[in-house]
Each structure stands twice: as C-alpha cells, then as structure tokens.
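Here is a short report for a reader meeting this structure for the first time. Look at the sequence and the model, then read on.

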Amino acid sequence: MKRFWRLRELSTVAILLVEVLFFAWYLAPDDGRSHPFLSTDNALLILKYSSIYGIAAVGAALVIISGGIDLSPGAVIALSGVVTGHLFVVSGAPLGPSVAAGLLVGLVSGLLSSLLIVVVRLPPFISTLGMMGIVRGAAFIITEGKYYDVSSRLPQGFAPLGLPADWLAPVVMFTMAVVFQVLMTQFQWGRAVFSIGGNETAALFSGIAVGRIKTSVYVLGGLLASVAGVVLVIVQGQGKADLATGYELDIIASAVVGGASLAGGRGSVLGAVLGTLIFGVLRNALPQIQGATFYDRLIVGLVVIVIVVMDQVLLRRSHK
C-alpha cells in the first residue's frame with residue numbers, strides 16, 4: 001500500500017507538471033510579448049489564491065480519510081473572516097485578539113459538527129450541511145449585508161509573521177501540509193484516523209477511541225478552515241459574508257483529486273495540496289484562453305472524474 005501511495009503522489013505531481021507545460025506551450029505569445037502564464041508574478045498569483053483552498057483542503061483530507069465529509073469549510077472561512085473583520089474594524093480590537101476570535105469560530109463549528117456526528121449520531125453529510133447554513137447565516141446576520149474594510153486599518157507595508165502579505169497564504173499552506181503529513185504518517189493519532197476510515201468497527205474493537213478521534217478530526221478541519229478565512233481576509237483586505245461561496249466542493253475536490261477516497265481509509269495531506277495546485281493552475285490559465293472561461297466548471301468536473309478514475313485503476317493494479 002505504501003508503494004501505491006508513492007505512485008499515487010508521483011502521478012499527481014506528473015499531472016500538475018503536464019498541465020503547467022501544456023499551458024506554457026499553448027499560451028506562449030508569438031509577438032515577443034512577455035509570457036502571460038509562465039512568469040514569476042503569475043506563479044505567485046496562482047500560489048496566493050490556491051493556498052486559501054489548500055489550507056482548508058488539508059482539513060478536508062483529514063475528515064475524508066476518517067470516513068467522513070465536511071460541507072461547511074466555505075461558510076467557516078466566511079464567518080471567520082467576518083468575526084475577525086468586525087472586531088478589528090468596528091470594535092477597534094487589536095489584530096491579534098481579532099484573529100484569535102476568528103480561529104475560535106472554526107474550533108466551535110468543528111466541535112458542534114462532531115457532537116452531532118458522534119453523540120447525536122447524525123450522518124456527516126446532514127450535520128455539516130446544517131452547520132454550513134447556520135455558519136453562513138451567522139455571517140450575514142453580523143454584517144447585515146455590509147463588508148469590513150480590513151485593509152484600511154492595516155499599516156502600510158504590513159508584513160504578517162515577517163512575510164510579505166502575498167507570501168502569507170503559501171507559507172501557511174505548506175507549513176500545515178508538512179505538519180499534518182507528519183502527524184498522519186508518523187504518529188499513532190494519524191494511524192488511528194486511517195483505521196477508522198478503513199473499518200470503524202474493527203478500529204473500535206482494537207481499542208481505538210473512535211469518538212475522540214472523530215471529534216479531533218472535525219475540530220481540526222474547522223480550525224484549518226478558519227485559518228484559511230483569517231488569511232483570506234488579511235490578504236484580500238475585506239471581511240464579507242459571501243466570501244468563499246461555493247468553496248466547499250472545490251475544497252473536497254482538491255482532496256479527492258489528491259488521492260483521498262470518499263470511502264475513507266485512504267488519502268494524503270500532501271496530495272490534497274497538489275490537487276489544490278492542479279485546480280489553481282486551471283482557474284488561472286483558462287480565463288487567458290479566449291472563450292474558455294465559460295467552460296471553467298465543465299473542465300474542472302471532467303478533471304475530477306478523469307483523475308479519480310485513474311486513481312481507481314492504479315489502486316486495482318496495486319492489489320494484483
């Protein structure tokens with residue numbers, strides 16, 4: 001199985017590389033102008049906005065590997081940003097406590113989702129669908145349809161964590177990816193998450209505290225979504241209730257394209273980040289092709305299906 005995952009991650013890297021090479025060739029200018037796709041500025045732009053999805057996709061991968069699903073990360077991103085923006089702009093609180101409050105949103109929403117799943121025993125789909133509506137609704141109630149201009153209160157040349165603002169999201173994403181990849185592969189907690197996703201009954205009889213592990217997974221998923229929300233507000237400079245609308249499916253798709261099985265028990269945190277970058281390149285390059293903008297969703301859907309089919313073929317061959 002380890003050999004399969006090495007092959008799976010290598011195949012995801014290969015897909016990303018082929019995608020980049022194709023757009024570098026297809027979008028190459030023939031009149032001496034600078035390349036619109038293959039440039040440092042464009043690469044940073046792809047990383048900057050893909051990383052928002054990527055941070056949340058790390059959490060989504062954890063949930064999916066455990067055999068669950070979370071439909072609320074987009075709403076959590078929005079509410080985290082709204083809470084941070086409200087405290088920072090309206091209440092005049094310092095940035096640190098405002099960010100802490102935004103992160104608390106993810107912890108609370110993840111905890112509530114896990115209680116509905118573990119204690120009330122609702123299906124994850126229903127629990128997180130309801131949580132998505134509650135959290136998004138709370139964001140609209142707080143803002144009353146307005147937005148918070150966070151950038152107006154940030155000092156000139158603001159450098160969070162000593163980094164240029166454009167580099168904040170990529171650094172956070174890759175840091176989270178490395179931390180959780182290590183936790184999932186080198187620690188007992190990660191092995192327990194895989195065991196629960198593979199066979200929850202067997203995991204229970206082997207002495208794993210299934211309820212506690214599930215709770216920790218959903219809490220971490222919510223926390224990572226709120227990290228994405230706080231980073232998005234700082235990078236974009238606005239806190240709005242309609243931020244990250246529709247992100248849920250893109251976040252889940254990134255984790256699945258990166259190798260996470262919706263059946264549970266299989267997946268990779270680093271793979272989720274690679275899946276995010278695959279979609280990030282598509283979203284960046286397609287608008288540069290005349291008429292292709294209208295085919296954006298169609299192409300992304302086809303990519304998801306093709307890559308998951310490839311995943312199933314590789315998995316069957318690995319069992320032979």
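What share of the 320 residues of the chain count as buried? The answer is 50%. Keep in mind that this is a predicted model.

**Overall build**

The chain has twelve helices and two strands. Read from the N terminus, the order of elements is α-α-α-α-α-β-α-α-α-α-β-α-α-α. The radius of gyration is 20 Å, close to the 20 Å that the globule rule gives for 320 residues, so the chain is as compact as a globular protein of that length. Its C-alpha trace spans about 60 × 55 × 35 Å along the principal axes.

Take the contacts between residues at least 6 apart in sequence: 78% of them join residues at least 24 apart.

**Two helix pairs**

Two packed helices are described by the angle between their axes and the distance between the axes. Two pairs are set out here.

| Helix pair | Residues | Axis angle | Axis distance |
|---|---|---|---|
| α3 and α9 | 73-90 and 210-236 | roughly 50° | within 7 Å |
| α6 and α11 | 165-186 and 269-285 | about 150° | 8 Å |

Start with α3 and α9. Their axes cross at roughly 50°. The crossing of α3 past α9 is right-handed. On the α3 side, the contact is made by P73, V76, I77, S80, G81 and T84. On the α9 side, it is made by G222, A225, S226, A228, G229, V230, L232 and V233. By class, this contact holds eight nonpolar and six polar residues, with no charged ones.

Now α6 and α11. They pack at an angle of about 150°. Angles over 145 degrees count as roughly antiparallel, and that makes α6 roughly antiparallel to α11. From α6, the contact takes in M173, F174, A177, F180, Q181 and M184. From α11, V269, L270, V273 and L277 take part. Nine residues of this contact are nonpolar, one is polar and none is charged.

Most residues other than glycine have a negative phi, and most peptide bonds are trans. Which way do R121 and A244 go? R121 is not a glycine, although its phi is positive, at about 65°. A244 is not a glycine either, and has a positive phi of about 60°.

R121 is in the loop between α4 (95-118) and α5 (124-143). A244 is in the loop between β2 (238-240) and α10 (247-257).

Are these residues buried or exposed? R121 has 69% relative accessibility, so it counts as exposed. A244 has a relative accessible area of 5% and is buried.

**A histidine in a loop**

H35 is in the loop between α1 (2-26) and α2 (40-65). Is H35 buried or exposed? The cut-off for buried is under 20% relative accessible area. H35 is at 18% relative accessibility, so it counts as buried.

What does H35 touch, leaving out residues up to four places away in sequence? Its contacts are F23, A24, L27, A28 and P29. By contrast, V179 is 35 Å from H35 in space, C-alpha to C-alpha. In sequence, H35 and V179 are 144 residues apart.

Key:
Residues numbered from 1 in each chain as written. Predicted model: local features only at pLDDT ≥ 70, side-chain atom pairs only at ≥ 80, totals over all residues. Heavy atoms only, no water. Axes fitted to C-alpha atoms, helices over the stretch in contact; angles between N-to-C directions. Helix = DSSP H or I, 4+ residues; strand = E, 2+ residues; numbered from the N terminus. Left-handed = near helix turned anticlockwise from the far one by under 90°. Contact = heavy atoms within 4.5 Å. Nonpolar A, V, L, I, M, F, W, Y, C, P; charged D, E, K, R; others polar. Rg over C-alpha atoms; globule rule 2.2 N^0.38 Å. Buried < 20%, exposed > 50% of the residue type's maximum accessible area, 1.4 Å probe, protein only. Parallel < 35°, antiparallel > 145°, perpendicular 65-115°, else oblique.
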